[in-house]
Amino acid sequence: MLGPVILAASRSDKMRRFISAAPGTKQVVDRFIAGETVDQVVPIVEDAADKGLEVTLDVVGEDITTPAQAEAARDAYLELIERLKALDLGPRAEMSVKLSMFGQALEGGHELALANVRPVVEAAAAIGTTVTLDAEDHTTLDSMFAIHEELRKDFPQTGCVIQSYLFRTEDDARRLAAAGSRVRIVKGAYKEPASVAYQDKAEIDKAYVRITRILMEGEGYPMIGSHDPRLIAIAQELGRQSGRKLDEYEFQMLYGIRSDEHIRLAAEGHRMRVYTAYGTDWYGYFMRRLAEKPANLLFFGRSILTKG
């Protein structure tokens, strides 16, 4: 299976340099990354709003090695929020953040990440939107969930992400599916050992359905992160069985993938949010997109060959 190999490469500095220098890389990166600057991403938010879509914005970058870099990540989100405020786009765009960007892996990282993310959550709330804490590898999750719980004391709309490939996630979903919660369910895109995660795609999909049922039958707000037509149809059916109205849950898909489906779901009356990443430190995010779907890797390979 190529997926684990690609995920391992996402942590390799040698592969980072090779991929970054490859002639066809930019063409493929542009498919998944909306731009490098706030100026480039704002028109995409405006275009999505015009189409009846919402977005969640992710400033990419995870390899933080100093507190100063973590503060710079915080400031990048604060700059984004100021731009959204000026254009009255707050209600159409939330933020997704990876706590690794805010210093979670550094010494004293739990407290540092909480201190850096809090002003972002506060600023987002001030313009009528919110923040979702992305899930990263399993070793970071207890810290992420603790920060999520702490933030929700003052900002109860703060969301979090759970991953169906982890054995722990059904229990996490039961705990999180409470009134006022916002929970995004995804399959998972990190290299995880067999001791903590399903390795077989069919088992991951089955877990995804079980977890989606838990969220739909709970009292919170489920966010269905998937491009899989079968899982989307199952989520719709589970929503109907649970008596949910179409605005009582939402679908989320990545920028650059199945764009026609974004429009179709919105036209049916669903809330449809496009996960839109931007920034210069795109490598880790890009490699996980390649690992998720073989077609993405084939597209990348063809681009290198045709540009070489």
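In the predicted model, Pro67, Ala70, Glu71, Arg74, Tyr77, Leu78 and Ile81 of helix H5 meet Leu112, Asn116, Pro119, Val120, Ala123 and Ala124 of helix H6. The residues of this contact comprise 10 nonpolar, 1 polar and 2 charged. Helix H5 spans residues 67–86 and helix H6 spans residues 109–126; their axes lie 9 Å apart and the packing angle is about 5°. Angles under 35 degrees count as roughly parallel, and H5 and H6 are therefore roughly parallel to each other.

In soluble globular proteins, nonpolar side chains tend to be buried together. When neighbours within four places in sequence are left aside, tyrosine 77 is in contact with Leu57, Asp58, Val59, Met95, Ser96, Val97, Met101, Phe102 and Val120.

Helix H8, formed by residues 169–176, has a buried side and a face turned away from it. Thr169, Glu170, Asp172, Ala173 and Leu176 are buried in this helix. They cover an arc of only 160° around the axis, and so they lie on the same side of H8. The face turned away from the buried side carries the exposed residues Asp171 and Arg174. The buried residues of H8 are covered by elements that include helix H7 (141–154), strand S4 (159–163), strand S5 (182–186) and H9.

The axes of H8 and H9 come within 9 Å and cross at roughly 10°, which makes H8 roughly parallel to H9. Thr169, Glu170, Ala173 and Arg174 of H8 form this contact with Arg210, Ile211, Ile214 and Leu215 of H9. By residue type, the contact of H8 with H9 divides into 4 nonpolar, 1 polar and 3 charged.

Glutamate 170 illustrates the buried side of H8. This residue lies in helix H8 and has a relative accessible area of 18%; because the limit for a buried residue is under 20%, glutamate 170 is classed as buried. Apart from neighbours within four places in sequence, the contacts of glutamate 170 are with Tyr198, Arg210, Ile211 and Ile214. Arg210, Ile211 and Ile214 are also among the H9 residues that form the contact with H8.

Definitions and conventions: Residues are numbered from 1 along each chain as its sequence is written. This is a predicted model: local features need pLDDT of at least 70, side-chain atom pairs count only at pLDDT 80 or more; totals for chains, interfaces and linings use all residues. Side-chain values use heavy atoms; hydrogens and water are left out. Contact means heavy atoms within 4.5 Å. Buried means under 20% relative accessible area, exposed over 50%, partly exposed in between (1.4 Å probe, protein chains only). Helices (H or I, at least four residues) and strands (E, at least two) are DSSP runs, numbered from the N terminus. The arc is that of the directions from the helix axis to the C-beta atoms. Axes are lines fitted to C-alpha atoms, for helices over the stretch in contact, and angles run from 0 to 180 degrees between N-to-C directions. Angles under 35 degrees count as roughly parallel, over 145 as roughly antiparallel, 65 to 115 as roughly perpendicular and the rest as oblique. Ala, Val, Leu, Ile, Met, Phe, Trp, Tyr, Cys and Pro count as nonpolar, Asp, Glu, Lys and Arg as charged, and the others, Gly among them, as polar.
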